[in-house]
Amino acid sequence: MRKAKPKKRVILPDPVFGDVAVTKFVNHLMYDGKKNTSFEIFYESLDKVKAKLPNEEMSALEIWKKALDNITPQVEVKSRRIGGATFQVPTEIRADRKESISMKNLISYARKRGGKSMSDKLSAEIVDAFNNAGGAFKRKEDMHRMAEANRAFAHFRF
């Protein structure tokens with residue numbers, strides 16, 4: 001490689017929970033640099049999650065983290081061209097990419113939901129992911145199913 005790898009930017013923890021993962025999630029949620037709006041949406045959705053699951057002894061942040069764990073894929077398929085044929089090769093995912101994929105899936109499926117506000121939609125998707133249901137969980141299952149089906153091509157891994 002000719003150029004040096006760019007330095008990883010330091011992400012500051014969020015003001016309420018002091019958690020870097022929350023800031024990363026809010027950065028994915030953000031549109032047009034409106035970070036305060038994204039923080040408001042996220043915190044409001046956590047309040048709604050806590051209201052929806054009152055008998056749960058975990059805090060809203062722990063519920064959100066468990067939901068992210070439930071929708072985090074372990075393997076993905078990548079297209080690899082070998083001798084004129086394109087194979088879907090299953091590969092394991094790096095830890096930072098796993099986190100990013102799970103956050104993006106949660107947000108994208110929350111945006112696709114029907115609902116009044118984004119905080120309503122996000123809280124509903126978080127509750128579904130916590131209960132191993134919803135669009136984001138289905139997406140993870142599909143990724144795993146696809147990797148399992150193409151396991152025969154694992155020796156093409158790069």
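This is a predicted model: local features need pLDDT of at least 70, side-chain atom pairs count only at pLDDT 80 or more; totals for chains, interfaces and linings use all residues.

**A helix crossing**

Analyst: Helix 1 makes a right-handed crossing with helix 2. Residues are numbered from 1 along each chain as its sequence is written, and side-chain values use heavy atoms, with hydrogens and water left out.

Helix 1 covers residues 20-29 and helix 2 covers residues 35-52. Their axes come within 9 Å and cross at roughly 115°. That makes helix 1 roughly perpendicular to helix 2 (65 to 115 degrees). The axes are lines fitted to C-alpha atoms over the stretch in contact, and angles run from 0 to 180 degrees between N-to-C directions.

Now the residues. Helix 1 brings V22, T23, F25, V26, N27 and L29. Helix 2 meets them with K35, S38, F39, I41 and F42. Contact means heavy atoms within 4.5 Å. By class, this contact has 7 nonpolar, 3 polar and 1 charged residues. Here Ala, Val, Leu, Ile, Met, Phe, Trp, Tyr, Cys and Pro count as nonpolar, Asp, Glu, Lys and Arg as charged, and the others, Gly among them, as polar.

Step back to the chain. It has 6 helices and 2 strands. Helices are DSSP runs (H or I, at least four residues), as are strands (E, at least two), numbered from the N terminus. Their order from the N terminus is α-α-α-β-β-α-α-α.

Notes: Angles under 35 degrees count as roughly parallel, over 145 as roughly antiparallel, 65 to 115 as roughly perpendicular and the rest as oblique. A crossing is left-handed if the near helix is turned anticlockwise from the far one by less than a right angle, and right-handed if clockwise.
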